[in-house]
Amino acid sequence: MRTMGRAGVALAAMLAMGAATMAAQAHDWVIDKNHSEADFSVKHMGVGTVHGSFHAVTGVVHFEAGNPNVWTVEATIDMNSLDTGVAARDNDLKSARFFDVAQYPTMTFKSTSVKKDAGVGYDVKGDLTMHGVTKPVVLIMEPPAGEEVGMDAKSVHRGFVATTTVNRKDFGLTWNGMLKSGDAVISDQVKIELDVEAVEK
């Protein structure tokens with residue numbers, strides 16, 4: 001039998017490396033809005049905390065395990081999905097006094113870079129657009145959850161969790177009331193947590 005020459009061995013190695021690279025290439029993961037939400041919390045009167053959620057989160061995560069340099073995320077939140085558990089408060093937050101949902105019906109985030117942080121997580125830098133204003137923010141992302149096969153025994157799912165804190169006044173959300181003590185009714189600092197389940201496209 002004729003043996004493979006050096007050129008053939010090199011070619012075979014290149015093909016094998018190419019196949020491995022293709023197998024490891026990044027994939028698009030579509031956010032499952034039925035199993036994803038953006039939660040927020042803000043201090044009220046300096047003594048309590050109001051919690052709320054946006055339930056309609058859509059978008060795409062571009063992901064390759066172990067290679068954050070190629071990760072990207074684009075997400076859109078339907079502001080009409082706001083829910084704090086109190087209808088009157090929800091209507092107030094959707095009004096022109098706060099989010100002005102009629103004029104600004106969506107909030108968006110588009111990443112610009114992803115880097116490993118000093119711990120086990122990742123810094124996801126990007127542009128957040130809310131209330132018609134775009135500002136750079138950094139999301140602190142936990143290590144992505146491993147892949148799981150869905151109940152249909154075909155679709156592949158993966159989880160992503162990230163948090164950040166923003167100053168609402170940076171986005172033109174400036175309304176506030178004052179207490180007798182001189183303190184503000186609502187804190188300027190708003191904590192946000194994104195809890196996303198995505199399906200491989």
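Predicted model: local features only at pLDDT ≥ 70, side-chain atom pairs only at ≥ 80, totals over all residues.

User: Nice. Which strand gives the most to the lining of the largest pocket?
Analyst: That's S2, with six residues.

User: And by class, what does the lining of the largest pocket have?
Analyst: There are 24 nonpolar residues, along with three polar and five charged ones.

User: Back to S2, then. Which strand does S2 form a hairpin with?
Analyst: With S3, and three residues sit between the two strands. In the turn, Met 45 has a positive phi of about 60°. S2 covers residues 37-44 and S3 covers residues 48-54; they pair in the antiparallel sense over seven bridges. Phe 40 has Gly 52 in S3 as its bridge partner.

User: What about S2 and S12, in which sense do they pair?
Analyst: Antiparallel, over seven bridges, with S12 running through residues 186-200. There, Ser 41 stands opposite Lys 191.

User: Changing topic: is Thr 164 buried or exposed?
Analyst: Thr 164, which lies in strand S11, counts as buried because its relative accessible area is 12%, under the 20% cut-off.

User: What does the side chain of Thr 164 reach?
Analyst: The backbone oxygen of Val 138, at 2.9 Å. Leaving aside neighbours within four places in sequence, Thr 164 is in contact with Val 138, Leu 139, Val 190, Lys 191 and Ile 192.

Methods
Residues numbered from 1 in each chain as written. Heavy atoms only, no water. Pairing = 2+ DSSP bridges. Helix = DSSP H or I, 4+ residues; strand = E, 2+ residues; numbered from the N terminus. Nonpolar A, V, L, I, M, F, W, Y, C, P; charged D, E, K, R; others polar. Buried < 20%, exposed > 50% of the residue type's maximum accessible area, 1.4 Å probe, protein only. Polar contact = N/O pair within 3.5 Å; in protein donor to acceptor, adjacent residues only side chain to side chain. Contact = heavy atoms within 4.5 Å.
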